[in-house]
Amino acid sequence: MSGAEEAGGGGPAAGPAGAVPAGAGVGAGVGVGVGAGPGAAAGPAAAAALGEAAGPGLPDEAGLAGARQLQEAAGDPDAPPKKRLRAAEAAEAAAAAAAAGSGKLEERLYSVLCCTVCLDLPKASVYQCTNGHLMCAGCFIHLLADARLKEEQATCPNCRCEISKSLCCRNLAVEKAVSELPSECGFCLRQFPRSLLERHQKEECQDRVTQCKYKRIGCPWHGPFHELTVHEAACAHPTKTGNELMEILDEMDQSHRKEMQLYNSIFSLLSFEKIGYTVVSLKLVCASICHNCV
């Protein structure tokens with residue numbers, strides 16, 4: 001055995017053993033490139049993005065080569081400014097793509113767990129047909145009622161299998177999953193689980209819209225809850241005279257009477273005895289509503 005073979009640990013084993021340090025050398029070169037300049041943060045993100053593009057279980061030679069080019073361009077102070085800027089933009093795009101990939105999971109869950117009828121996330125009970133298609137409680141009851149009026153058998157809108165209260169069951173797992181999905185508060189725009197959102201909007205949110213406690217005597221103010229105390233301390237309605245308050249209350253009574261007349265006319269026109277005149281009645285209702293709105 002020669003001295004070279006003894007130093008290398010044998011001819012056949014020397015090749016694979018030498019291949020690992022080569023890969024380690026690449027990693028070392030990447031590490032050096034990362035610390036070389038201000039655009040060094042481009043390296044790991046770009047390498048990860050390009051490595052994912054290469055596919056699992058395959059050598060990322062093209063990804064590593066592209067990452068090395070980005071690192072060299074971003075870390076080389078002698079590189080043209082446009083090239084360094086382009087490398088930094090590519091790294092930012094790779095990081096944004098990685099962040100967007102995690103956000104898409106919620107969007108996919110929304111599309112999977114939504115009601116097959118109204119295409120919205122259920123707010124209460126979730127029912128499923130015998131084939132597993134989901135329906136919110138409102139749509140489920142509407143389908144049953146509509147089929148009963150038509151004297152037909154209610155069917156699932158997706159697979160057309162028969163549905164009824166005895167054939168369908170609630171899906172508690174979907175209900176719990178939907179309750180944990182994040183939803184945005186309509187006032188403060190913060191994210192909360194759907195199970196806690198209603199309580200937050202009604203009781204806890206400091207930006208929720210509220211009214212003055214003197215609205216019963218004509219105060220028209222409404223605004224965010226955190227301004228309520230300041231407004232009520234400066235509200236002028238408690239200091240009004242009796243005659244002024246009577247005029248305000250009379251105006252409120254007149255507007256209330258007009259609303260009640262409109263509602264009574266709508267209920268009368270849509271009563272069961274006059275259901276045959278639905279087209280004419282609806283036209284009259286729409287005309288009266290438009291007239292009152294103007």
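The model is predicted, so local features need pLDDT of at least 70 and side-chain atom pairs pLDDT 80 or more, while totals for chains, interfaces and linings use all residues. Numbering starts from 1 along each chain as its sequence is written, and side-chain values use heavy atoms, without hydrogens and water.

The largest pocket has a volume of about 320 Å³. A pocket is an open set of points on a 1 Å grid over the protein atoms alone, where a 1.4 Å probe fits, with protein on both sides within 12 Å along at least five of seven lines; lining residues have an atom within 4 Å of a point. The volume is the space filled by probe spheres set on the points, which are joined across faces, edges and corners. The lining includes Pro122, Lys123, Glu175 and Arg194. It divides into five nonpolar, three polar and four charged residues. Helix α8 gives the most, with four residues.

The largest nonpolar core has 14 residues. Such a core is a set of buried Ala, Val, Leu, Ile, Met, Phe, Trp, Tyr and Cys residues joined through side-chain atoms within 4.5 Å; buried means under 20% relative accessible area (1.4 Å probe, protein chains only). Cys129, Met135, Phe140 and Ile163 have the most contacts inside this core. A second, separate core has seven residues, including Leu113 and Leu181.

Note on methods
Buried < 20%, exposed > 50% of the residue type's maximum accessible area, 1.4 Å probe, protein only. Helix = DSSP H or I, 4+ residues; strand = E, 2+ residues; numbered from the N terminus. Nonpolar A, V, L, I, M, F, W, Y, C, P; charged D, E, K, R; others polar.
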